[in-house]
Amino acid sequence: MIHSDPELQKLEETFGRVSDINIPGLTIRFKIDSFQPRVDAHRASLQKYQNTIVEQVPEGDKIITLIKNCDLLFFPLDISKENIKRIKYSMFTKMPAYMASGIPVLFWGPENVASVEYAKEENWAYVITKNDPEVLRNSIIELINNPVLR
């Protein structure tokens with residue numbers, strides 16, 4: 001689930017590199033859920049990529065079902081200086097649901113941000129701190145191919 005425009009912009013900038021991951025015998029779909037205004041603003045630019053669906057976040061308890069039906073939860077953070085200053089000490093409300101789900105979490109964000117450091121220290125997510133779409137791509141493939149990491 002994506003909660004901010006900068007997070008969606010970050011996805012738009014890098015998605016072309018990861019949307020074409022092709023592993024024989026495996027169909028990979030990227031489902032992005034966000035709030036309706038963001039879905040409306042970004043759907044066309046994200047759905048142009050192969051196997052990508054952009055939808056509105058369901059309401060209430062339906063979010064739990066959405067999370068439980070995922071194979072991987074992706075948690076991207078905007079790495080702009082302004083955003084880092086704003087989120088430096090933030091712990092996001094979706095974190096407990098992600099941790100409790102039992103679904104692997106891929107957390108992509110800057111170092112020295114409390115939520116990123118917490119994910120690394122407590123090992124509840126596979127964490128990428130390098131702002132490199134190729135590293136993201138390789139991490140997704142590694143998570144798919146390595147059940148121990150999941």
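**Notebook: loops, sheet and cores**

I began with Asn 123, which has 63% relative accessibility and therefore counts as exposed, the cut-off being over 50%. The model I am reading is a predicted one. Asn 123 sits in the loop between H6 and S5, and I noted that its phi is positive, near 55°, although the residue is something other than glycine. I kept in mind that most residues other than glycine have a negative phi.

I then looked up Asn 112, which has a positive phi of about 65° and is not a glycine either. Asn 112 belongs to the loop between S4 and H6, and with a relative accessibility of 53% it counts as exposed.

**The chain as a whole**

For the overall layout I counted seven helices and five strands in the chain, and reading along the sequence I wrote down the pattern α-β-α-β-α-β-α-α-β-α-β-α. Of the 150 residues, 40% are buried. The chain exposes about 8500 Å², of which carbon and sulfur atoms supply 49%. When I took the contacts between residues at least 6 apart in sequence, 58% of them turned out to join residues at least 24 apart.

**The sheet**

Next I asked myself in which order the strands of the open sheet lie. There are three of them, in the order S3-S4-S5, and their pairing is parallel. The edges are formed by strand S3 (73-76) and strand S5 (126-128), each of which pairs on one side only. On average, neighbouring strands of this sheet are turned by 15° against each other, direction ignored.

**The cores**

I went on to the largest nonpolar core, which has 15 residues, and there Phe 75, Val 105, Phe 107 and Trp 124 have the most contacts inside the core. At least two residues of this core come from each of S3, helix H5 (94-101), S4 and helix H6 (114-122). For Trp 124 I listed the contacts, leaving aside neighbours within four places in sequence, and found Met 95, Met 99, Val 105, Phe 107, Ser 115, Tyr 118 and Ala 119. There is also a second, separate core of 11 residues, which includes Val 18, Ile 21, Trp 108 and Ile 128.

Is Trp 108 buried or exposed? Its relative accessibility is 1%, so Trp 108 counts as buried, the cut-off being under 20%. Trp 108 is part of strand S4. Trp 108 and Ile 128 lie 20 residues apart in sequence, yet I find their C-alpha atoms 4.8 Å apart in space.

**Helix H5**

Last, I looked at which residues of H5 are buried, and noted Lys 94, Met 95, Tyr 98 and Ser 101. Why do they lie on the same side of H5? They do so because they cover an arc of only 130° around the axis. After H5 comes Gly 102, whose phi is positive, near 80°.

Terms used
Residues numbered from 1 in each chain as written. Predicted model: local features only at pLDDT ≥ 70, side-chain atom pairs only at ≥ 80, totals over all residues. Heavy atoms only, no water. Pairing = 2+ DSSP bridges. Helix = DSSP H or I, 4+ residues; strand = E, 2+ residues; numbered from the N terminus. Axes fitted to C-alpha atoms, helices over the stretch in contact; angles between N-to-C directions. Buried < 20%, exposed > 50% of the residue type's maximum accessible area, 1.4 Å probe, protein only. Contact = heavy atoms within 4.5 Å. Areas by Shrake-Rupley, 256 points an atom, 1.4 Å probe, with all protein chains shown as cover. Core = buried A, V, L, I, M, F, W, Y, C linked by side-chain atoms within 4.5 Å. Arc of directions from axis to C-beta.
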